[in-house]
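Please open the structure in your viewer and keep the selection tool at hand. We will go from one selection to the next, with a short note on what is there.

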Amino acid sequence: MARTPRILVVEDQALVAGIISDALSDTYEVICAQTVPDAVEHLLGSDIDLVLLDCVLPGGTMWQVVLESDRLGVPVVLMTGDPSQMKEVAGGPRPHILKPFSIAELIDVIDANVGVSVPAAPGARA
């Protein structure tokens with residue numbers, strides 16, 4: 001039996017992290033981190049399939065998380081509320097999502113980038 005894909009949500013706003021976690025928890029196992037050091041610790045200590053990463057975080061820069069994720073081969077989806085910030089990173093190979101986003105949009109971006117086949121829900125048609 002395949003394990004449930006594990007998503008690391010790196011978001012310093014607890015309310016936003018909670019909403020994301022609730023929205024993803026039916027399909028994914030969700031781990032939340034609020035700081036860069038916590039995110040890196042989870043990356044090193046857990047089998048993470050995708051990082052959903054806020055671009056502005058306390059305790060370091062998002063690039064520390066991106067570099068560690070790259071080293072481990074874990075895909076990263078960037079999140080920000082500042083569209084001008086995406087101009088700096090959008091030219092690279094990083095998928096991203098702008099805040100505010102809909103839950104459907106979030107799930108679509110994650111499903112497209114998780115890199116792990118997600119089992120179909122019971123009764124779903126292929």
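The tour starts with the whole chain and then moves to single residues.

**The whole chain**

Keep in mind that this is a predicted model. Show the chain as a cartoon, and you can follow five helices and five strands. Starting from the N terminus, their order is β-α-β-α-β-α-β-α-β-α. The chain has 126 residues, and buried residues make up 38% of them. Among contacts with a separation of 6 or more, 58% are between residues 24 or more positions apart.

Side chains of opposite charge can pair when their charged atoms come close. In this structure there are six salt bridges. Select Arg3, Asp47 and Asp49 together, and you have a network of salt bridges.

Look at Asp47 and Arg3: their side chains meet in a salt bridge, 3.0 Å from N to O. Asp47 sits in the loop between helix H2 (36-45) and strand E3 (50-54), while Arg3 is in the segment before strand E1 (6-10), so the bridge links distant parts of the chain, 44 residues apart.

Now turn to Arg3 and Asp49, where the N to O distance in the salt bridge is 2.9 Å. Asp49 is in the loop between H2 and E3 and Arg3 in the segment before E1, so this pair ties together parts that are 46 residues apart in sequence.

Asp47, at 44%, counts as partly exposed, and so does Arg3, at 35%.

**Stop two: Glu29 and Arg6**

Next, select Glu29 and Arg6. They form a salt bridge in which the closest N and O atoms are 3.2 Å apart. Glu29 belongs to strand E2 (residues 29-33) and Arg6 to strand E1, and the pair links parts of the chain that are 23 residues apart. Color the two by accessibility: Glu29 is partly exposed, with a relative accessible area of 35%, whereas Arg6, at 18%, counts as buried.

**Stop three: Gln64**

Move on to helix H3 (residues 62-72) and pick out Gln64. At 40% relative accessibility, Gln64 counts as partly exposed. What does Gln64 touch, leaving aside residues up to four places away in sequence? Its neighbors are Val36, Val40 and Gly59. Then display the backbone of Thr61, whose nitrogen lies 2.7 Å from a polar atom of the Gln64 side chain.

**Last stop: a nonpolar patch**

To finish, return to the surface and select Leu15, Ile19 and Ile103. These residues form a nonpolar patch there, and together they have about 290 Å² of accessible area. Zoom in on Ile103, which is found in helix H5 (residues 103-113). Ile103 is partly exposed, as its relative accessible area is 34%.

Key. Residues numbered from 1 in each chain as written. Predicted model: local features only at pLDDT ≥ 70, side-chain atom pairs only at ≥ 80, totals over all residues. Heavy atoms only, no water. Patch = residues over 30% accessible without salt bridge, like charges linked within 9 Å, V, L, I, M, F, W, Y side chains within 5 Å. Areas by Shrake-Rupley, 256 points an atom, 1.4 Å probe, with all protein chains shown as cover. Salt bridge = Lys/Arg side-chain N within 4 Å of Asp/Glu carboxyl O. Helix = DSSP H or I, 4+ residues; strand = E, 2+ residues; numbered from the N terminus. Buried < 20%, exposed > 50% of the residue type's maximum accessible area, 1.4 Å probe, protein only. Contact = heavy atoms within 4.5 Å. Polar contact = N/O pair within 3.5 Å; in protein donor to acceptor, adjacent residues only side chain to side chain.
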